[in-house]
Number of protein chains: 4
Amino acid sequence: MPVTIKAHIAYRFYAPTDFLLQMEAAAIPEQILSGPGLTSTQSEHFARIAGQDTIGERIWLRVNGDFTADYTITAEVQRTLADISTLGALQPHKLPGETVHYLFDSRFCPGDRFHSFVEAEFGDAKGGARIAAIRDWVAGNFTYEPGSSVATTTALDSFVERRGVCRDYAHVVVTMARASGIPARYVSCYAPGVDPQDFHAVAEVFLADSDAPDGTGSWHIIDATDMADPAKTVKIGVGRDAAEVSFLTSYGFAEMLDKQIEVIG
Amino acid sequence: MPVTIKAHIAYRFYAPTDFLLQMEAAAIPEQILSGPGLTSTQSEHFARIAGQDTIGERIWLRVNGDFTADYTITAEVQRTLADISTLGALQPHKLPGETVHYLFDSRFCPGDRFHSFVEAEFGDAKGGARIAAIRDWVAGNFTYEPGSSVATTTALDSFVERRGVCRDYAHVVVTMARASGIPARYVSCYAPGVDPQDFHAVAEVFLADSDAPDGTGSWHIIDATDMADPAKTVKIGVGRDAAEVSFLTSYGFAEMLDKQIEVIG
Amino acid sequence: MPVTIKAHIAYRFYAPTDFLLQMEAAAIPEQILSGPGLTSTQSEHFARIAGQDTIGERIWLRVNGDFTADYTITAEVQRTLADISTLGALQPHKLPGETVHYLFDSRFCPGDRFHSFVEAEFGDAKGGARIAAIRDWVAGNFTYEPGSSVATTTALDSFVERRGVCRDYAHVVVTMARASGIPARYVSCYAPGVDPQDFHAVAEVFLADSDAPDGTGSWHIIDATDMADPAKTVKIGVGRDAAEVSFLTSYGFAEMLDKQIEVIG
Amino acid sequence: MPVTIKAHIAYRFYAPTDFLLQMEAAAIPEQILSGPGLTSTQSEHFARIAGQDTIGERIWLRVNGDFTADYTITAEVQRTLADISTLGALQPHKLPGETVHYLFDSRFCPGDRFHSFVEAEFGDAKGGARIAAIRDWVAGNFTYEPGSSVATTTALDSFVERRGVCRDYAHVVVTMARASGIPARYVSCYAPGVDPQDFHAVAEVFLADSDAPDGTGSWHIIDATDMADPAKTVKIGVGRDAAEVSFLTSYGFAEMLDKQIEVIG
C-alpha cells in the first residue's frame with residue numbers, strides 16, 4: 001500500500017545564507033518513489049550532494065529573503081521486516097567495515113556513559129533480544145511530550161527526565177544499542193500515524209540475519225514511540241544522530257515561517 | 001628529514017574480547033613509509049578495515065589473555081604547508097561533499113554551544129585568519145596539564161576549565177572551527193617533540209587554497225599545543241573526534257599493562 | 001527618592017497544592033517600606049516563615065483553583081554605596097561565620113569549574129577590584145537575550161553561550177566571585193529600569209569595609225546587566241542562587257496565568 | 001556500645017593558605033563524646049565557627065608548610081531509630097522553617113531533573129515508604145566502586161552510570177528525596193564497617209513522627225550503601241551536599257600526604 005507525502009516549509013533569511021536541505025524521500029531500493037517531487041523558490045545556488053551512506057541527498061542552497069519548498073511524493077515501501085527478538089548480533093569483528101563507525105559515540109548519543117546501565121538492566125538479553133528489550137524499556141518508561149526537549153538535549157538528558165519527542169526516543173535507543181556493542185544510527189523519515197503530523201525520526205540497528213553471531217547482517221528500524229509502522233516508514237536520510245540529518249541546517253540566521261507535513265498510508 | 005617511530009603497547013584481556021586497533025601510520029601520499037611495520041602476538045581474529053575517509057586502517061582483533069603489539073616505521077613527510085592566516089574559507093555550498101559531515105557536531109565537540117563565543121571573540125577574522133586566531137587563543141589561554149581530563153571530557157568542559165592534554169586542545173579547536181562554519185576533524189598522529197612522548201592528536205581544518213571563498217580546498221593541521229611540527233607530524237587516522245580514532249577501542253574489559261612511544265625526527 | 005512597586009500574579013492549581021511565595025520587599029533597615037502591602041485570594045493555608053539569612057519572608061500557601069496576589073508598596077532605599085573597586089576582600093579566615101556558606105558552590109553556580117578561568121582572566125585584581133573586573137567582563141561579553149535560558153540553565157551554560165537574562169548574569173557573577181574565594185549570594189529584587197519590567201535579580205558580594213584584608217565587611221550589590229541602580233534596588237530575598245529565592249516555588253503543577261510588575265523610582 | 005574513632009590527616013601547603021577543617025564529631029545530644037579530641041600542628045590562625053544548622057564546628061586555619069591533625073574520640077550514640085517505612089511525610093506547608101531550604105536543589109543534587117523519574121518509579125509510595133523505596137532502589141541498582149567518581153560528579157552523573165562511593169550514594173538519595181518534596185541533607189560522619197575505612201557520608205531526610213502528614217517531624221539517617229549502622233554512625237556535620245561539608249576545604253593549593261581513619265564499634 002502506497003504512502004503519500006506532502007510537505008511544505010517556509011523560511012525567511014535576512015542576509016545571503018547557505019543552508020543544507022534534506023527533506024526528500026531517499027531513492028533507495030526499499031522504497032519506490034513516484035510523483036512530482038520537490039519544487040522550491042528561486043535560490044542563488046542549488047547543488048545536490050550525497051547523503052550519509054549514500055542514502056538520500058542533501059541540497060546546498062543559498063538564499064536571501066523568503067524561501068519556500070514543497071515536496072509531494074508517493075512511496076511504495078518494500079522493506080523486509082523481521083522479528084528482531086529472534087536475531088543475533090554480529091560479533092564486532094564480523095561487522096562490515098561501513099557499519100563500524102556507528103559503534104562510536106556522537107553529539108547526542110554518549111554511549112560511553114551507559115555501559116553500566118545496559119548491562120544491569122538488559123544483561124541477559126543479547127543481540128535482537130537486547131534491542132527489543134531496549135525498545136520496550138524506552139516505550140514503557142518515557143512520556144511523549146512535545147516541547148519538552150530543545151536543540152541541545154542529549155540522550156543522557158532524556159534518560160534522566162524520561163520524556164521527549166521522536167528525536168529523543170531515537171537518541172536513547174541509539175545510545176543504548178551502541179553501549180551494547182551494536183551499530184545504531186538515526187533515521188529521519190516520514191510516517192503515517194505520527195501525531196501531531198511532522199517529520200519523524202526512528203533508530204536503526206544492525207543485526208545478524210540469523211541467530212548466529214557471524215554471517216551477514218542488515219539494518220532494522222526501531223521506533224520506541226510506537227507511532228510509526230516500519231512497513232510504511234519512508235526514509236529521508238541517516239546519520240549518527242540528529243546533528244547529521246536535520247531537514248534544514250542553516251549557516252546563518254533562519255526564521256521558520258511555516259511547516260506543514262501530511263503523510264497518508 | 002625522516003621521522004622514526006617506535007611504539008609498544010601491552011594489554012591483558014580476561015575473556016575473549018573484540019577490539020579495534022589503530023596505531024599504524026596511514027599509507028597516504030603525504031607520508032612515505034618504510035620499515036618493518038606492525039608485529040603482534042597471536043590473536044583469534046585479525047582483519048583490516050579502512051579507516052575513516054580511507055585514511056589509515058583499523059584492525060579488528062579478538063584476544064583472550066595477554067596481547068602485545070610493536071610498531072616500527074620510518075616516515076618521510078611530504079606535506080605542503082601554508083601560512084593558514086592568508087587562506088580563505090570556502091563558502092559552505094562550495095565545500096566538497098565528503099567534507100560536509102565535518103561541519104556537524106560530534107560527541108566531544110558541541111559546536112552548537114559556541115556560536116556566540118566565536119562571533120564575539122573572533123568576529124572580524126574569517127577563514128584561515130579565524131583559524132589562526134582560534135589556535136592562538138587556545139594556545140594563549142590553556143594550560144597543558146596531564147591528568148586534568150578524563151575519557152568523557154568534552155570541549156565544553158575543557159573550554160571552561162582552560163586546561164587539558166593534546167586531545168582536549170584538538171577538541172576545542174575542532175569545535176570552534178565548526179562553530180565558525182569551517183569543516184574540522186580530529187587527527188591521531190605521531191610527532192617528535194611531544195612531551196612526555198605519547199600518541200599525539202591535532203586538529204585539521206578544511207580551507208580554501210587561496211583567499212577566494214570558492215575554488216578548491218585542502219586540509220591543514222592545527223596544533224594549539226605548539227608541541228608538534230606539522231612538517232614532521234605522521235598521521236594515523238582521522239575522525240569527527242577522539243570517539244572515532246582511539247588507538248585501541250575494546251568491546252569488553254581491557255587492562256593496559258604498558259605503553260611506550262618513541263618518535264625521533 | 002522613593003521607589004513605588006506594583007506587582008500582580010495569577011496562577012491556577014488543578015489540585016490542592018502547597019507553594020512558597022516570596023514577592024514582598026524585605027523589611028530590613030536599608031529599605032523603609034510603606035503602603036498596603038500584599039493581598040491575595042483565599043487559601044487553605046497561609047503561614048509566614050523567615051527568608052534566608054532572615055532577609056524577607058516566605059509564605060507557605062495551599063491552594064486549589066485560581067490564586068491571585070497583588071502587592072503594592074513604596075520603599076525608601078537607604079543603602080550605603082561604595083566604590084567597590086577600592087575595597088579589599090577579607091581573608092577567608094576573617095569572614096564572619098554566617099557568610100562562610102556563601103563560599104560554597106550551589107545548584108546553578110559551580111565555582112569549582114572556574115578556578116583556572118578567574119585566575120587567568122582576573123589574576124592581578126584582588127578583592128573589590130576583582131569583583132569590578134568580573135562585573136565588567138560579564139557586562140562586556142554577554143548579550144541580554146530574553147528566552148535564551150531555561151529553568152535548568154547553569155552559570156556554566158551561560159558562560160559558554162555568553163547570553164542570558166538577569167538570573168543568568170547574577171549566577172555568573174556569583175560563580176566567579178566564589179571561584180575567587182569571595183562570598184557571593186543571589187538577590188531577588190525589584191528595580192526601576194528593568195526592561196521589560198519584571199522581577200529582577202542581582203548578585204551580592206561580601207567585601208572588606210576598607211582596603212585591608214581584615215576588619216569588618218559588608219555586602220555589596222553587583223548588577224552586571226547595568227539595568228538596575230543599586231541606590232533604587234529593593235531586595236526581596238537572598239539565597240545561594242535562584243534555586244533558593246524563586247518568587248513562587250510549587251510542590252505540584254502550577255499554571256501561570258498572569259504576571260505584571262511595575263516599578264517606578 | 002561506644003564507637004571509637006582515630007583519624008589522622010597530613011597536608012602540605014606551599015604558601016600561606018586558609019582552609020576550613022571539619023573532622024570532629026559534632027557535640028550534639030544524640031552522641032556523647034569523650035576522649036582527647038583534636039590535636040594539630042601549629043598554625044598561623046585557628047578559629048572555630050559553627051557548622052551548618054549548628055551541628056558541629058568548622059575550624060579556620062592558616063598554614064604554610066606541613067600540617068597534621070590527629071583526632072581521637074569515643075562516642076556513645078543515643079539516637080532514636082525508627083522503621084522509616086511506617087512514617088509519613090509532612091505536607092510542605094507544615095515543615096519547620098529551618099528545614100525548608102533542604103527542599104531546594106544544590107550543587108551536586110539537581111532534584112529538578114528527577115521529578116518524572118521519582119513519580120514513575122516510586123509514584124505509589126509516599127513519605128517514609130517513598131524514602132525506603134528510594135534507598136532500596138539505589139542499593140539494588142548501584143555498584144560501590146572506589147575511584148569511579150571525581151570531585152565534580154553530580155547525582156545526575158551517578159544516576160546514569162549507576163556507580164559511585166558513599167558521597168555519590170548519599171547525593172542520589174538526597175536528590176530523589178527532594179524531587180519527592182521531602183527535605184534531605186548530606187551528613188559527613190564516621191561509622192564502623194565502612195570498607196575501606198575512611199570518612200563516610202550518608203543522607204538524612206526529614207519525616208513526620210507518625211504516619212500523619214502534620215504534627216512534628218525528625219531527621220532520619222539513610223545509608224544506601226548498607227555499610228553503616230545508623231545506631232553507630234557518628235555525625236561530623238551536615239549540609240546541602242558535599243560542597244558544604246568537606247572535611248577540608250582549601251582556599252589555595254593543598255597536597256594531601258596522608259589520611260588514616262580507624263573506627264571501631
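## Exercises on salt bridges, a helix and an interface

A search of the whole structure finds 84 salt bridges over all chains, a salt bridge being a side-chain nitrogen of Lys or Arg within 4 Å of a carboxyl oxygen of Asp or Glu. The model is predicted, so local features need pLDDT of at least 70 and side-chain atom pairs count only at pLDDT 80 or more, while totals for chains, interfaces and linings use all residues. Residues are numbered from 1 along each chain as its sequence is written, chains are lettered from A and ligands numbered from 1 in the order in which they are written, and side-chain values use heavy atoms, with hydrogens and water left out.

**Exercise 1.** Describe the salt bridge between A:Glu161 and D:Arg113.

Step 1. The distance from N to O is 2.3 Å.

Step 2. Locate both residues. A:Glu161 lies in helix α3 of chain A, and D:Arg113 in the loop between β4 (57-77) and α1 (115-122) of chain D, so the pair joins two chains. Helices (H or I, at least four residues) and strands (E, at least two) are DSSP runs, numbered from the N terminus.

Step 3. Check accessibility. Buried means under 20% relative accessible area, exposed over 50%, and partly exposed in between (1.4 Å probe, protein chains only). A:Glu161 has 14% and is therefore buried; D:Arg113 has 13% and is buried too.

**Exercise 2.** Describe the salt bridge between B:Glu30 and B:Arg79.

Step 1. The closest N and O atoms are 2.9 Å apart.

Step 2. The pair links distant parts of the chain, 49 residues apart. B:Glu30 is in the loop between β1 (3-21) and β2 (31-40) of chain B, and B:Arg79 in the loop between β4 (57-77) and α1 of chain B.

Step 3. B:Glu30, at 21% relative accessible area, is partly exposed, whereas B:Arg79, at 16%, is buried.

**Exercise 3.** Examine helix α2 of chain A.

Step 1. The helix covers residues 127-141, which is 15 residues. Its expected span is 1.5 Å times one less than its number of residues.

Step 2. From first C-alpha to last it reaches 21 Å, close to the 21 Å expected.

Step 3. Among the buried residues of α2(A) are A:Ile131, A:Ile134, A:Trp137 and A:Val138.

Step 4. The buried residues pack against α1 (115-122), α3 (155-161), α4 (166-179), β8 (200-208) and β9 (217-222) of chain A. Contact here means heavy atoms within 4.5 Å.

**Exercise 4.** Describe how chain B meets chain C.

Step 1. Twelve residues of chain B are in contact with twelve residues of chain C.

Step 2. The two chains bury about 1200 Å² between them, 49% of it on carbon and sulfur atoms. Buried area is the accessible area (1.4 Å probe) that two parts lose on being put together, summed over both.

Step 3. In chain B, B:Arg113, B:Val160 and B:Arg162 lose the most area to chain C, together 46% of what that side buries.

Step 4. There are four salt bridges between chain B and chain C. C:Arg113 and B:Glu161 also meet in a salt bridge, at 2.3 Å from N to O.

Step 5. On the side of chain B that touches chain C, α1 (115-122) and α3 (155-161) each supply at least two residues. The largest share, five residues, comes from α3(B).
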